[in-house]
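Please look over the structure below before reading on.

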Amino acid sequence: MKRILVLIALVASVQLANAQKSADAIKKAVASAQAACNDEKKAAKPATWLGLAKAATEAYTAPQLNGWPGAGRQELQMVMSGVKPLSSEEVVVNGAAYAVDVYPSCKYYYNGAGVLQIIEVTAPYVEDALAIAVNAYENAAKVDPKATKTKDICAGLEKVAEYYQNDAYTAYTLGDLNKASQYFQKSADASMTSPLSKLDTAAIYNSGLTAFMAGNLAVAKAKMEECINYGYYEKGEAFAKLAECEKAQGDTVKCKVVLEEGFAKCPDNQGILVGLINLYLDTNDDPEKLFKLLDIAKVNEPNNASLYYVEGNIRKQLGQKDEALAAYAKCSEVNPEYEFGYVASGLLYWDEAVKIQEEAEKEFNDRKYQALVEKFDAALQNAIPCFETAFGISKDKGVKVSLADYLKNIFFRFRDKGDEYQANYEKYNNFVKENQ
């Protein structure tokens, strides 16, 4: 046993020494390229700066060894036959189990299927290698007045931005949200570097989103404001998150302004909708203002059935049942192929039935109980034509399965009322089974 342990230690030390040699060679290459850039004559040539960018980029990728996300563990054992892990361990990250192989410069995280999902660099060969590369590309452009190397510089900057994105997703997966936010922003900055000068609003948004998730409201607020200024709304989520930041910081006035602007531009965003309703209720403001905003949107988009769907949702949340049903019915008038008005009407009746059922379960008076059962059955009967119409219209398999699930449960309750109910139960039950 002692011999085996000594052998394992010897193999590990040899691997570490080989990795160190590789790291030393890469460090020297970067240092040599930096020295060349410090030489006045050499620094006047774009090739000198491109050499530094290349060396720095290699310094970034080298510690990851030869693995790549998506590769199988056994496959990598063959590809990397000369490099063995120093140790292996089982870890749980954000609820997900991984098998981890530990190398001198990095860790490989394999999922339950034995597929490499994450490469975490633990010992970079050169600190801030990508930042060095970005700076080198930028300087290469400055000494290239004829733009002979622009194509190469832009390709390099795009690659660096991609690497930063990879680092951001790695940090996100490992649960370091603040670091993920920083990497997303660095990716956006790399893309904006001249001469690439490409605006990556998605990266900026992700920087703000991960900052928000980390509780860093100052950064989240700044990034969401930046996205909105660029006209990037992420279907209204930028407004919703910015409003939450304002509310968390106690500024309900700004929160309201943000939500109203977001509602005007993205009226079907549920985060904005719920935020506005709650804010109006919390501040005792008039929720009818929401309908005025919707009326403006309807004038701008008279054929947008979803606007009436949104109105119905507001009415429902405010307890205005008849008005909600009228708004949902309007959806099909505007667009006969829009199924969600019927879906929402059916869900309104279904939710009503659930509340009645809960009330009935607490009722011990038999007469009152029977009255509640009748109301319960009536609500379910009202839901049937809504769900069936939506089922017939919808072309979305997932929606149809969900509707069929509701319908099979309703018809199962009424199966003793006649053959038609039993047949419909079997119809929708079979549809669910066949399409799950």
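1. Five elements each give at least two residues to the lining of the largest pocket: α3 (46–61), β4 (116–121), α5 (129–142), α6 (150–173) and α7 (177–192). Helices (H or I, at least four residues) and strands (E, at least two) are DSSP runs numbered from the N terminus. The largest share, 10 residues, comes from α6.

2. This is a predicted model, in which local features need pLDDT of at least 70 and side-chain atom pairs pLDDT 80 or more, while totals for chains, interfaces and linings use all residues. Residues are numbered from 1 along each chain as its sequence is written, and side-chain values use heavy atoms, without hydrogens and water.

3. The lining of the largest pocket has 36 residues, with Tyr 60, Gln 64, Val 121, Asp 167 and Tyr 183 nearest the centre. A pocket is an open set of points on a 1 Å grid over the protein atoms alone, where a 1.4 Å probe fits, with protein on both sides within 12 Å along at least five of seven lines; lining residues have an atom within 4 Å of a point.

4. By class, this lining has 20 nonpolar, seven polar and nine charged residues. Asp, Glu, Lys and Arg count as charged; Ala, Val, Leu, Ile, Met, Phe, Trp, Tyr, Cys and Pro as nonpolar; the others, Gly among them, as polar.

5. The whole structure has zero disulfides (pairs of cysteine sulfur atoms within 2.5 Å). For Cys 227, the nearest cysteine sulfur, in Cys 245, is 12 Å away. The sulfur of Cys 245 lies 9.9 Å from the closest one, in Cys 255, too far for a bond.
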